[in-house]
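Dear colleague,

I am passing on the structure below, so please open it before you read on.

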Number of protein chains: 2
Amino acid sequence: MGLVEKQRFTFAQAPNKLALESGATLGPVTIAYETCGTLNKDKSNVILVLHALSGDAHMAGFYTPEDAKPGWWDTMVGPGKGIDTDIYFVVCTNILGSCMGSTGPASINLETGKEYAAAFPMITITDMVNGQKALVDHLGIKKLLAVIGGSVGGMQVLEWCVRYPAMVTAALPLATTCRHSALAIAFNEVARQSIMADPNWNQGDYYGGKKPDMGLAIARMIGHITYLSDESMRLKFGRKLQNKSALSFEFGAEFQVESYLQYQGQKFIERFDANSFLYITKAADYFDLAREYGQGSLVNAFARCKAKFLVVSYSSDWLYPTYQSKEMVKAMKKNNLDVSFCEIDAQWGHDAFLLPDPRLDNLVTGFLRRAAHESSAL
Amino acid sequence: MGLVEKQRFTFAQAPNKLALESGATLGPVTIAYETCGTLNKDKSNVILVLHALSGDAHMAGFYTPEDAKPGWWDTMVGPGKGIDTDIYFVVCTNILGSCMGSTGPASINLETGKEYAAAFPMITITDMVNGQKALVDHLGIKKLLAVIGGSVGGMQVLEWCVRYPAMVTAALPLATTCRHSALAIAFNEVARQSIMADPNWNQGDYYGGKKPDMGLAIARMIGHITYLSDESMRLKFGRKLQNKSALSFEFGAEFQVESYLQYQGQKFIERFDANSFLYITKAADYFDLAREYGQGSLVNAFARCKAKFLVVSYSSDWLYPTYQSKEMVKAMKKNNLDVSFCEIDAQWGHDAFLLPDPRLDNLVTGFLRRAAHESSAL
């Protein structure tokens, strides 16, 4: 990709607010988004990319020629790539509740003139998808050729398929789950506790003052452990020391893995808002396709789906292990849906879906071509 | 077991201090310990039980008839139990650096009249074992029929076998490892960060003031996640809500697993010292049998061993997975040591070694009988 531009769409100007799943309302709502490629005449070549917890709308390309780093999925989205921008019009939106351009707890509440902070209403995956739906409607797009995303983005993919079945031709949920396990909730809760234990968090009211940096850094460190795997950490760090040949017998980052985690924590506090972390992790914990749509049964939940699916899991992902993907595949198949499933053998844990991998590129390319061909979209 | 009594042994009165692995010295050193059973005439029926991170010397029985809870391994240690106190004289010591009677950072430094706090020297597994060795010598015991312990206790078992090979007839390292993986170090480091990020930690100097309770509670919550398993958490909690039938759309302990972790964190701060947590986890991270004794090779490390081994791992233990036990078994076998290995199929994760399990009881009973018989100890 070459240069891209962040765009913003604001809707539901007061008093017409977005109705949230919790019963609360929110408005006006701004959705930040970016597009790559060209929308064709009948608007049938649209692919919606949905980002994970700490991602943003900047999926590919650069904002300026001087930019050092491209968007987060630049290896996948671009001319001739897995999601080929010579063929498709690719849209990525920043999720509701985030801090990367869309409305979130750090946004100004027009009614008070101050940041929402803890007064921001609880957001669910459904609410995120409803925000995206508003943008898609605004762009005059009636049908999405594909929705694709990993992790929390994969939850949005599933939500799209179940909530707006007539609008989705094909769906690629990657490294994701239909509902958080107790283990995944546990990690998120400890991470949230660590933010809320930081005195600078101040019940969420810290904008303009000292931020809960320590708490957020620790939350991120916890997250990073769950994104890797025992094997990847062994290969990457093992017991290697950081800039030392012998033990120093002091506290502090002595092993490389400690230094890596501290670096990840520090990098994160420069770009992410602690309250957004709280709201988005809670949305992920709440997500439960079976509860929301199936009266407890995943098979029931997928009964309303029409999309064809490519489900991808990673062998060393212990946050959303393969057995959870198989569970969703089974429920899809019971509804006679067109489902392909692939467990990619990879040692990099949950993070694997973000790493360049020709196997995923090939799977995505083939699946999208078939979806476009069979739906006569292109 | 009936009633037991906590005893204390203090040695190395100044200026004769304990020489630590780091090069520092510590003294006087007190070791708290408890015994069950009767020492036989030739002192050949001694079993040393070594506790894990947050344990203490109180392995079995009650202090008073009113005590609600027995010692931490009461299911294993007692008359007719796996470690049969009708036959064996069982000794358990509180590890150096802890806060349960042995010298640790919360102890008074006689030279200053104040708690050691952060001035407490770094402790290693070797130092812990040297403290135990001083007690064993003091009791006039020349040889241990068996050393047995799980997790960090298992590291001490291995250290005993390698450091004092002539003193150990049989050894049972349970649910343990010869060296922490990067994953295990990562969890410990994040837990330590969470304590040190608590403003009440105050560089370790909090005795007499507010304690870093929030940080320690979060550290314990992180620990507890690693002691369970995906499967055990699914069976125990799943996505069940705590005292609620519907989502409240509020932060706080809403899922049962969240409530459980918060409860564990709160319970822990009532009984454990945050600085002890820092020192003991660091000792566990430092432990590396291959580095200390084998010039990088586990096979070399076990070359000095004479003990017969029963190595036990648990199928769902992802903190010290079975492959790590197999690694140590392989190194033992290369030295032609008498080794039995058993992976117990259990869903309860690392914690399984502390839970009542007739399979472990039977393994331990049989192994100890054989060790006593073959060594003509009894």
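Between chain B and chain A of this predicted model there are eight salt bridges, and one of them joins the side chains of E254(A) and K282(B), with 3.2 Å from N to O. Polar contacts also link the two chains, in 26 residue pairs. On the side of chain B that touches chain A, the elements giving two or more residues are α3 (182–196), α4 (213–227), α5 (230–236), α6 (256–269) and α7 (274–286) of chain B, and α3(B) gives the most, with ten residues. By type, the residues on this side of chain B are 29 nonpolar, ten polar and 14 charged.

The size of an interface is often given as the accessible area lost when the parts come together. Here chain B and chain A bury about 4700 Å² between them, with 73% of it on carbon and sulfur atoms. R239(B), F249(B) and F251(B) supply 18% of the area that chain B buries against chain A, more than any other three residues.

Within chain A, eight strands make an open sheet with mixed pairing, in the order β1-β4-β8-β5-β11-β12-β13-β14. Because β1 (7–11) and β14 (339–344) of chain A stand at the edges with a single partner strand each, one side of each is left without a neighbour in the sheet. Further in, β11 (residues 144–150) and β12 (residues 168–174) of chain A pair in the parallel sense over six bridges, and V147(A) stands opposite A171(A) in β12(A). Helix α10 (residues 322–334) of chain A lies across β12, β13 (308–314) and β14 of chain A, at about 165° to β13(A).

With best wishes

Conventions
Residues are numbered from 1 along each chain as its sequence is written. Chains are lettered from A and ligands numbered from 1 in the order in which they are written. This is a predicted model: local features need pLDDT of at least 70, side-chain atom pairs count only at pLDDT 80 or more; totals for chains, interfaces and linings use all residues. Side-chain values use heavy atoms; hydrogens and water are left out. Buried area is the accessible area (1.4 Å probe) that two parts lose on being put together, summed over both. A salt bridge is a side-chain nitrogen of Lys or Arg within 4 Å of a carboxyl oxygen of Asp or Glu. A polar contact is a pair of N or O atoms within 3.5 Å; within protein, one must be able to donate a hydrogen and the other to accept it, and residues adjacent in sequence count only if both atoms are side-chain atoms. Helices (H or I, at least four residues) and strands (E, at least two) are DSSP runs, numbered from the N terminus. Ala, Val, Leu, Ile, Met, Phe, Trp, Tyr, Cys and Pro count as nonpolar, Asp, Glu, Lys and Arg as charged, and the others, Gly among them, as polar. Two strands pair if DSSP finds at least two bridges between them. Contact means heavy atoms within 4.5 Å. Axes are lines fitted to C-alpha atoms, for helices over the stretch in contact, and angles run from 0 to 180 degrees between N-to-C directions.
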